[in-house]
Amino acid sequence: MTDTISKKLESKLDNKLRSKRKRSPLEDGFKKGKVVNEVLDKPTVMTLYKMITDHVIAYVNGSVSAGKESVLFWGVDDDGASVALKIYLVSTANFKKREPYILGDPRFSHLKKGTKNLVYLWAKKEHRNLTQCYQAGIPVPRPYYVTNNVLAMEFIGDGGAPAKQLLTSEVDENDYAQAISILTDIYKKAKLVHGDFSEYNIFKTEKGLVVFDLGSGVDLRHPNAHEFLKRDINNIGRFFNKRGIPVEDSDKIFEDIVK
């Protein structure tokens with residue numbers, strides 16, 4: 001693709017993002033290779049443009065939340081339905097700490113060197129994990145599409161506002177029972193371990209709990225799968241215990257799950 005065509009495509013998508021955005025505008029991300037919000041660099045903009053031409057999304061309203069490794073954007077498809085766009089930060093060094101969740105997972109045995117390759121693989125990994133969980137009937141955002149560092153999935157929330165995390169919600173014994181049930185189903189039905197199961201990565205909705213952020217999820221054949229599972233059990237148990245909810249013994253839960 002020539003530079004002229006590339007610039008035209010970038011300009012076209014930038015205009016779409018600006019004209020449709022209902023939140024505070026982002027700065028121009030094409031001046032001297034500058035990255036907008038550390039996310040909308042040129043390759044990412046071209047990826048979003050391809051998603052528009054492929055009718056995965058119609059436009060992007062703006063960012064709704066941000067973390068150290070990714071930013072969540074609120075997109076809209078051709079039918080007017082909300083789509084969550086998780087854009088992983090290619091510019092961050094945090095992903096180097098994620099190698100233990102890939103190395104040893106037989107589904108992703110070929111890891112090319114370089115941060116960009118690691119980020120792209122991480123996006124595919126989260127999409128794969130979401131797909132396995134969704135097909136197993138586990139309450140996770142429905143995965144739609146993944147390419148490069150962009151993952152499109154079901155938007156859990158309303159009007160561009162994400163649902164409340166378990167962390168900021170009132171909780172009861174039923175929530176604890178749901179959390180342990182989901183943790184069990186991820187292991188037994190999806191054949192995965194979440195790897196980062198906590199109050200930060202669970203939505204509380206009117207229909208029940210919904211688990212997200214599955215990038216750390218590993219196949220049961222991963223050498224540290226049981227270690228990660230024990231940590232998941234301890235983390236969620238610690239949260240509910242602090243909230244005054246009676247919790248079961250972590251070792252017993254682990255034995256019940258893996259038996």
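User: How do you know that the span of helix α3 agrees with its number of residues?

Analyst: This is a predicted model, so the check is on the model's own geometry. Helix α3 covers residues 115-135, which makes 21 residues. The expected span is 1.5 Å times one less than the number of residues, so α3 should span 30 Å. Its end C-alpha atoms are 30 Å apart, and that agrees. Just after α3 comes Gly-137, with a positive phi of about 80°.

User: And what makes helix α2 pass that check?

Analyst: Helix α2 runs over residues 42-53, so 12 residues should span 16 Å. The end C-alpha atoms of α2 sit 17 Å apart, which agrees.

User: Which residues of α2 are buried?

Analyst: Thr-44, Val-45, Thr-47, Leu-48, Tyr-49, Met-51 and Ile-52 are buried in α2. As background, an α-helix has 3.6 residues a turn, so residues three or four places apart point the same way.

User: Why is His-55 called exposed?

Analyst: The cut-off for exposed is over 50% relative accessible area. His-55 has 54% relative accessibility, so it counts as exposed.

User: Where does Lys-191 lie, and what is its phi?

Analyst: Lys-191 lies in the loop between α4 (173-188) and β8 (192-193). Its phi is near 60°, again a positive value in a residue other than glycine.

User: Why is Lys-191 called partly exposed?

Analyst: Buried means under 20% and exposed means over 50%, with partly exposed in between. The relative accessible area of Lys-191 is 46%, so it lands in that middle class.

User: On to charges. What makes Lys-50 and Asp-54 a salt bridge?

Analyst: A side-chain nitrogen of Lys or Arg has to be within 4 Å of a carboxyl oxygen of Asp or Glu. The closest N and O atoms of Lys-50 and Asp-54 are 2.6 Å apart, so the pair forms a salt bridge. Lys-50 has 42% relative accessibility and counts as partly exposed. Asp-54, at 37%, also counts as partly exposed.

User: How many salt bridges does a search of the whole structure find?

Analyst: It finds 10. One of them joins Asp-219 and Arg-221, with the closest N and O atoms 2.8 Å apart. Asp-219 is buried, with a relative accessible area of 8%, whereas Arg-221 is exposed at 58%. Elsewhere, salt bridges that share partners join Lys-86, Glu-126 and Asp-213 into one network.

User: How do you know that Lys-86 and Glu-126 form a salt bridge?

Analyst: Their closest N and O atoms are 2.9 Å apart, and the limit is 4 Å. Lys-86 lies in strand β3 (residues 82-88) and Glu-126 in helix α3, so the pair ties together parts that are 40 residues apart in sequence.

User: Are Lys-86 and Glu-126 buried or exposed?

Analyst: Buried means under 20%. Lys-86 has 8% relative accessibility, so it counts as buried. Glu-126 has 1%, so it counts as buried too.

User: What makes Glu-248, Asp-249, Asp-251 and Glu-255 a patch of negative charge?

Analyst: Asp and Glu count as negative, and these four gather on the surface. A patch takes residues with over 30% relative accessible area and no salt bridge, with like charges joined within 9 Å. Asp-251, found in helix α6 (residues 250-258), has 52% relative accessibility, so it counts as exposed.

User: Why is Val-218 called buried?

Analyst: The relative accessibility of Val-218 is 0%, so it counts as buried. Val-218 is found in strand β11 (residues 218-219). The C-alpha atoms of Val-218 and Leu-103 are separated by 9.7 Å, though these residues are 115 residues apart along the chain.

User: What about Asp-41, buried or exposed?

Analyst: Asp-41 has 17% relative accessibility, and the cut-off for buried is under 20%, so it counts as buried. Asp-41 lies in the loop between α1 (3-20) and α2. Its C-alpha atom is separated by 9.1 Å from that of Val-90, 49 residues apart along the chain.

How values were computed. Residues numbered from 1 in each chain as written. Predicted model: local features only at pLDDT ≥ 70, side-chain atom pairs only at ≥ 80, totals over all residues. Heavy atoms only, no water. Patch = residues over 30% accessible without salt bridge, like charges linked within 9 Å, V, L, I, M, F, W, Y side chains within 5 Å. Areas by Shrake-Rupley, 256 points an atom, 1.4 Å probe, with all protein chains shown as cover. Charge placed at Lys NZ, Arg CZ, Asp CG, Glu CD. Helix = DSSP H or I, 4+ residues; strand = E, 2+ residues; numbered from the N terminus. Buried < 20%, exposed > 50% of the residue type's maximum accessible area, 1.4 Å probe, protein only.
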